[in-house]
Amino acid sequence: MFIRRESFKQYLRMYPVVSTLIALNLFVHVLTWLPGIGDMLFFYGVGSNFYIAEGDWWRFFTPMFLHGGLMHLLFNMFSLFLFGPELERLTGKVRFITIYLLAGLFASAATYFLQPLEYSHVGASGAIFGVFGAFGALVYYGGRALPQLKQIILPIIVISIVMTFLTPNVNVTAHIAGMITGFLIGLSYFHPKRIVSWRAKK
């Protein structure tokens with residue numbers, strides 16, 4: 001289910017939204033390496049609670065496309081590469097991008113309202129946790145009809161939450177808020193009829 005066997009061309013054709021998000025994150029990260037431009041891009045894109053309070057509202061959105069380092073980027077993009085395609089195929093392009101972007105947006109908003117004014121953050125983790133949350137909603141509605149998904153995704157969600165609290169320098173607020181957002185949106189999207197249809201396609 002979450003094992004990718006497609007060729008590169010097949011992956012791009014079958015999962016255009018996931019592919020575009022990965023490419024965009026990689027492109028932005030490369031830009032941050034450029035002298036001058038990179039520093040400016042990072043400065044104006046970082047999710048700084050102080051500057052949001054000063055009126056930089058775009059910082060609710062831009063942090064999900066910036067990362068604190070190469071390993072941070074690769075870990076998030078690998079998670080999106082692995083788990084995003086199944087959700088995109090299930091929900092369709094528009095619903096998938098809605099889950100992803102709204103989860104990232106509410107992750108930033110929760111960080112702003114629940115973290116100190118001097119707090120800053122970057123990373124796509126909140127949006128990716130929204131993907132996990134949406135899968136959680138699918139399991140909530142159709143765990144019995146999709147036992148394989150339940151056996152795989154529930155341990156992943158539990159481990160992700162545990163690691164969120166155990167790993168230093170992690171925006172716990174964004175992770176949890178993103179997952180809750182994805183779960184709530186998933187509840188509105190996943191009707192039992194869709195689950196049965198998806199299972200039949202498998």
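Colleague: A crossing is right-handed if the near helix is turned clockwise from the far one by less than a right angle, and left-handed if anticlockwise. Which kind of crossing does α5 make as it passes α6?

Modeller: Right-handed. Keep in mind that this is a predicted model.

Colleague: How close do the axes of α5 and α6 come, and at what angle do they cross?

Modeller: They come within 7 Å and cross at roughly 130 degrees.

Colleague: What about α6 and α9, how do their axes cross?

Modeller: At roughly 140 degrees, coming within 8 Å. The crossing where α6 passes α9 is right-handed.

Colleague: New topic. What volume does the largest pocket have?

Modeller: About 740 Å³. Its lining has 35 residues.

Colleague: Which of them lie nearest the centre?

Modeller: F75, N76, S125, V170 and H175.

Colleague: Which element gives the largest share of the lining?

Modeller: α5, residues 70–91, supplies 7 residues, the largest share. Others give at least two each, including α6 (93–114), α9 (172–189) and the strand β2 (120–121).

Colleague: How many lining residues are nonpolar, polar or charged?

Modeller: There are 19 nonpolar and 16 polar residues, and no charged ones.

Colleague: Take 21–44. How much of that span is helix, and how far apart are its ends?

Modeller: The span is 83% helix and 0% strand. Its end C-alpha atoms lie 20 Å apart.

Colleague: And what are the figures for 152–168?

Modeller: That span is 88% helix and 0% strand, with its end C-alpha atoms 26 Å apart.

Definitions and conventions:
Residues numbered from 1 in each chain as written. Predicted model: local features only at pLDDT ≥ 70, side-chain atom pairs only at ≥ 80, totals over all residues. Heavy atoms only, no water. 1 Å grid on protein atoms, 1.4 Å probe; cavity = no way out; pocket = protein on both sides within 12 Å on 5 of 7 lines; lining within 4 Å. Points joined across faces, edges and corners; volume = space filled by probe spheres on them. Helix = DSSP H or I, 4+ residues; strand = E, 2+ residues; numbered from the N terminus. Nonpolar A, V, L, I, M, F, W, Y, C, P; charged D, E, K, R; others polar. Axes fitted to C-alpha atoms, helices over the stretch in contact; angles between N-to-C directions.
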